[in-house]
Amino acid sequence: MYLFILPGFVYFVVFRYLPLLGNIIAFQDYSPFLGFHSPWVGFANFHRLFTDPDVGIALRNTLEISALQLAFFFPAPIILALLLNSMVSEPAKRLMQSVLYLPHFISWVIIIALWQQIFGGAGFINQFLRNGGRHTINIMNNPGFFKPLVVLQVIWKETGWGTIIILAALTRIDATLYEAAAMDGANGWRRLWHVTLPGIRGVIVLLLILRLATILNTGFEQIFLQRNAVGARAAEVLDTFTYFRGIQGGDWGFSAAVGLLKGGVAAILVFAANRVAKAFGGEGAF
Amino acid sequence: MARRTPAYPPWMEKPSTLARVGKMALLAVLAFLMLFPFVYVIAVSFSSYMDVLGGGLILVPKHPTLEAYRAIFKGGIVAHALWVSIGLTLGGTVVNMVMTVSMAYGLSRPAVPGSHAVLALVLVTLLFSAGIIPDYLLVRNLGLIDTYGSLILPGAINAFNLVILRQFFMSLPSELVESARLDGASDLWVLLRIILPLSKPVLAVIALFYGVAHWNDFFRATLYLNDAHKWPIQLVLRQYVLQGGALANAVALDPNQPPPPAQTIQMAVVVIATAPILIVYPFLQRYFTRGVLSGAIKG
């Protein structure tokens, strides 16, 4: 039996645990030629976190995008799931779900190509404006539009997929509660308020807490792909910062420090979030 | 006259016409917003010079042509990248499945000492990752930069899929396994002849998810492949569609004819890169709506 486990065990040790040790370079002035024998510099890389202005920009962009996502993307699947749930025609509902889940399976490169074809300089909207003799507008490479745009893209791509977990929670609500509420004279809105929302409160709280725990994650590919069009000042987030400073720029020790701090904060937030979820009377994620 | 049974339960008041029409209009707008970009891109990919130069909005090309697709499939970087992606998707998924099935099987059997510790080791990885820099250094120290191993090995097992599969294996009736073992069957025989045939649906959905992830993989390829000749379709798509790279080498253009418009070729690349996902999508959907995932989301 151990022979079946062994390859997977080796995989997890080598590719998931060994890199953790690699984080020691955050305390080194790492150079690829010396490898892990590079000189130790203590916390010098971490001191630079506070003096390098680019770190501040990346952190601010990360938090701003996360906050916008929390305000606009987080409620979207809940509202959409309630809408789908109120559809009486089963076949129409299934058709709608097929359409809404699709973009989840399409890569960010393609999604952004699609958006560019609609909103970009030579895209559909500008074609439309040009035909009407009006001024064209390039939404895709305007730094001021970048953050709302990124959030809109996430809403477009992932809202449908996000409804799955809400819809699952909705099916677990006892149907007799609705009937009883209707008998007592509650109309559709009151049933939504007094039966449906309390029924999915647990899932919503859990999702909210998990989202808060991953507040430093904004997704690498989506941002990376559109960063050049608007510049680093508007678009750099912690993950892209680490990539460009470390792998492109060769500032290994410093970018590892940024990554390590981000990972450390994320780990603390996950555990704290789980505690809070349990305190709310939920089951917690683990 | 036969009475139609209403689609809503008897205690519910009859939905007002206004509410029904309003909801239908809202859903129609949503469906339009989701589907329009796809329709538009497909239309542009089939349009000819006359359509593009005409300057009008292309929703149905007046002079449809396959020129762009012909130019792509005749050879060049895009065609090569498509082969790379097909190979990576097939090869990568085979590695994923062998590794995941094997480990899930080993961890699913009762009373294997230490298996709980190994499972805990796996579950912890769901909560954290080491970070981009250490992952990159590991791949480089293993000598995998610019090899396809760098795209397959670091993601050989998805811990989520492993847990789902292990749970499914454990839910199978244990009498089957025990009676086979009494007849002297080996562990491998039990896996191949009893467990796997009973697990076809869950194996199919996990393989599809792995396959889609390989086809869509952009992050690892960006990190680990410097050599542009080795690029899969997603990176090539970025260079020629998002960054507007010159298409002369990307596709095989006929020197005796005016080339198709760049926009048309770009959109044809997008359509081709999306097609495999659209083809497997109905199969994927059949499974995830049937709750293979809803049970797994909260494992």
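Among contacts in chain A between residues at least 6 apart in sequence, 64% link residues at least 24 apart; two residues are in contact if their C-beta atoms, placed from the backbone, lie within 7 Å. The model is predicted, so local features need pLDDT of at least 70 and side-chain atom pairs count only at pLDDT 80 or more, while totals for chains, interfaces and linings use all residues. Residues are numbered from 1 along each chain as its sequence is written, and chains are lettered from A, ligands numbered from 1, in the order in which they are written.

Chain A holds 14 helices and zero strands; helices (H or I, at least four residues) and strands (E, at least two) are DSSP runs, numbered from the N terminus. The radius of gyration of chain A is 24 Å, well over the 19 Å that the globule rule gives for 286 residues, so chain A is more spread out than a compact globule. That radius is taken over C-alpha atoms, and the rule is 2.2 Å times the number of residues to the power 0.38.

The contact between the chains takes these residues:

| Side | Residues |
|---|---|
| Chain A | 63 residues |
| Chain B | 64 residues |

Helix 1 (residues 2-22) of chain A gives the largest share of the side of chain A that touches chain B, 13 residues.

Chain B is divided into domain 1 (20-65) and domain 2 (69-297), with bounds from an automatic or database domain assignment. Their C-alpha centres lie 32 Å apart. Seven residues of domain 1 of chain B are in contact with eight residues of domain 2 of chain B.
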